[in-house]
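Please look over the sequence and the structure before reading on.

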Amino acid sequence: MILIRAAIFALGAISSLGFEPWSLWPVTLVCLILLLRHAGGARSWRQAAGAGWWFGFGLGCASLTWLAHAFTYQAAMPQWLGWPAVVVLAAYTAGYWALSLGAASAVSRTSGPAGFALASAATFILTEWLRGVLLTGFPWNPLGVIWLPLGEMARSAAVIGALGLSGATIAIAGLVAAITRRAGAAVMLLAPAVLVLTLALAGSRAAPDTDVPIRLVQGNIDQADKWRPGQAIAQLQRYRSLSGPPGTTGAPRLVFWPEAAIIEPLDADPVLRSRAASVLGPRDLLFTGATGEAGDGRYTNSVFVLDAAGRLRGRYDKAQLVPFGEYLPLAGLLERFGAARLVPGEADFVPGPGPQTLDIAGLRLGVSICYEIVFPSAVVDRPHRPAFLFNPSNDAWFGKGGPEQHLAQARLRAIEEGLPVIRATPTGRTAVIRADGAVAASLPAHEAARLDTVLPAPNAATVFSRWGSVLPLGASIVMLAALLLRRQQRGRASRRRL
C-alpha cells in the first residue's frame, strides 16, 4: 500500500512538468492516463479518492515550490516555514482531486471504464469550480493551461473556458485509460475529443493590431529592495528614466508601469503625481500601480491613470486580495500563533468593488491587478466590455516557476474573454498578449528595460465572455445526472431479477 501511494505521489509530481516553465504537456497527459486507469479499477470510492489525493499532493508539492521563496522577504516568521507552507497548500488542493475521483467512482460504480471517465471529467469541472470560490478561492494552475503550447487546442477556452478545457483534459486521458481496459469504451468516449477539436476551431485568431503606441516599463527592482525606507523616490526616478523622454506629436502614447511601482499614496500627493507624469507628452497617459488611501488609516492596492498635467483620470482598486499577502485572515487568532503577512507594510489593504471598465477619452480598459487575473469570469465588467485588460503585477517575490505560471494564466484569460492583455511587472514576466493568447512581445526577466510596441486589437465577444462557465458546469451536472439515472435503472433491473 505504501509503495502504491508513493508511486501515485511520484506520478503527480512528474505531471507538474506540463505546467510552466517546462510545458511538457505529453508528460502530464501520460500521468493522468495512469492515474485514471488505477482509480477506475479501485474497489471502492474511498480507494479512488485516496489515489486522487496522493496524485494531487504530489502535483501541488512540485508545482507550488515558488511560494516558499516568498518567506525570504519578511521578518515576522522564519524563512524555513516556506516549505511547510507549500506542503500544507498542496495537501489542501489535493483534497479537490480526492473529492473528484471519489465522487466519480461512487457515481459510475455500475457504468464501467467509460462511465468512470465521463464521471471523472464532470466531477473534476465541479471541484475545480469549488477550488476557485471556497475560502476566497485558489484557482492557480488550472489543468487546461497545459494546452497553451498547442494554440488550436487552447483556443477552445474561448467557448468552454479553463474549467471546460480542464474537464476535457480529464476526458481525453480517460478515453485512453478506458481503451486499455476495454476496447468498446473508445466509441463512447470519442465524443469529448471530437467536441474539444470542434470548439478549438471555433476559437478565432487575434484581430490585426491597432496603431496605438504603447510602452511597458520593467524596473527590475528586487523584492528585497522594494520596501526599504527611503527608496520610494529612487524607485520612482528609475521608472521615469526607463520611460524615456515625453512624446511630442502623433497618436497618444500609453505608458504602463507595474503593480506598486509607486509605493506612496498617489491619490493624496499632487507633487508625486506631477513627478510621475513628467514622462508624458501632451496627449499621453500613464497607467501605474500605486498605493491609494481608503480612509481611517487604511490603504488600497490600486491602478491610477494620469495625464500629462498629473491629473487623475481614472482609478481601480484591487478587489481580490491575496490572503497572507495583502491581508491576514482571522488576524486576531493567527497572530497569537506568530503568523504574519508575507508582504511588508504597515497595514492590511482593503478590497475594491470588483471588475469595472475605465472609459478615459474614449479608451475603454479593464484592470486586473496581479493575482486577480487567475480568476475566470471575474476580470471583466461584462455589461461594459473593454477593449483590453491591463494586468500590472509584482512577481518579484515568487520563486522559479511562479512568474511563468502567472503569465500562462493571463494568456488563458485573454483567450476566454477575446481581449488582449497588457502585463507590466517589476522583474518579469512583462508581456503583451494578443486576444488569442499568443505573446506578441515580452521582456526578459530580471532586466531593467522598456518595451515599445502597439496595442493589440480585441476580438469579437466570445461565447465564454457572454456565458462564463455556465456551459461546462451545466454539461457536468447533466452528465452526472444521466449516470446516476443509469445506475438507478440498473439497480432496479437487478432487484427484479432477484
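## The chain as a whole

The model is predicted. The protein chain has 498 residues, of which 55% are buried. Its secondary structure consists of 15 helices and 13 strands. Counting contacts between residues at least 6 apart in sequence, 70% join residues at least 24 apart.

## Helix H10

Helix H10 covers residues 232–243, twelve in number. From first C-alpha to last, H10 reaches 17 Å, close to the 16 Å expected at 1.5 Å a residue. Glycine 244 follows H10 and has a positive phi, near 80°.

The buried residues of H10 are Ala232, Gln235, Leu236, Tyr239, Leu242 and Ser243. They lie on the same side of H10, because the arc they cover around the axis is only 130°. An α-helix has 3.6 residues a turn, so residues three or four places apart point the same way.

The packing partners of these buried residues include both helices and strands. The helices are H9 (223–226) and H11 (270–277). The strands are S1 (213–218), S2 (254–256), S3 (262–265) and S13 (449–454).

## Helices H1 and H3

Helix H1 (residues 2–15) packs with helix H3 (residues 45–63). Their axes are 6 Å apart and meet at an angle of about 45°, which makes H1 oblique to H3. The crossing is right-handed.

On the H1 side, the contact is made by Arg5, Ile8, Phe9, Leu11, Gly12, Ala13 and Ser15. H3 contributes Ala51, Trp54, Phe55, Phe57, Gly58, Leu59, Cys61 and Ala62.

Terms used:
Residues are numbered from 1 along each chain as its sequence is written. This is a predicted model: local features need pLDDT of at least 70, side-chain atom pairs count only at pLDDT 80 or more; totals for chains, interfaces and linings use all residues. Side-chain values use heavy atoms; hydrogens and water are left out. Helices (H or I, at least four residues) and strands (E, at least two) are DSSP runs, numbered from the N terminus. The expected span of a helix is 1.5 Å times one less than its number of residues. Buried means under 20% relative accessible area, exposed over 50%, partly exposed in between (1.4 Å probe, protein chains only). The arc is that of the directions from the helix axis to the C-beta atoms. Contact means heavy atoms within 4.5 Å. Axes are lines fitted to C-alpha atoms, for helices over the stretch in contact, and angles run from 0 to 180 degrees between N-to-C directions. Angles under 35 degrees count as roughly parallel, over 145 as roughly antiparallel, 65 to 115 as roughly perpendicular and the rest as oblique. A crossing is left-handed if the near helix is turned anticlockwise from the far one by less than a right angle, and right-handed if clockwise.
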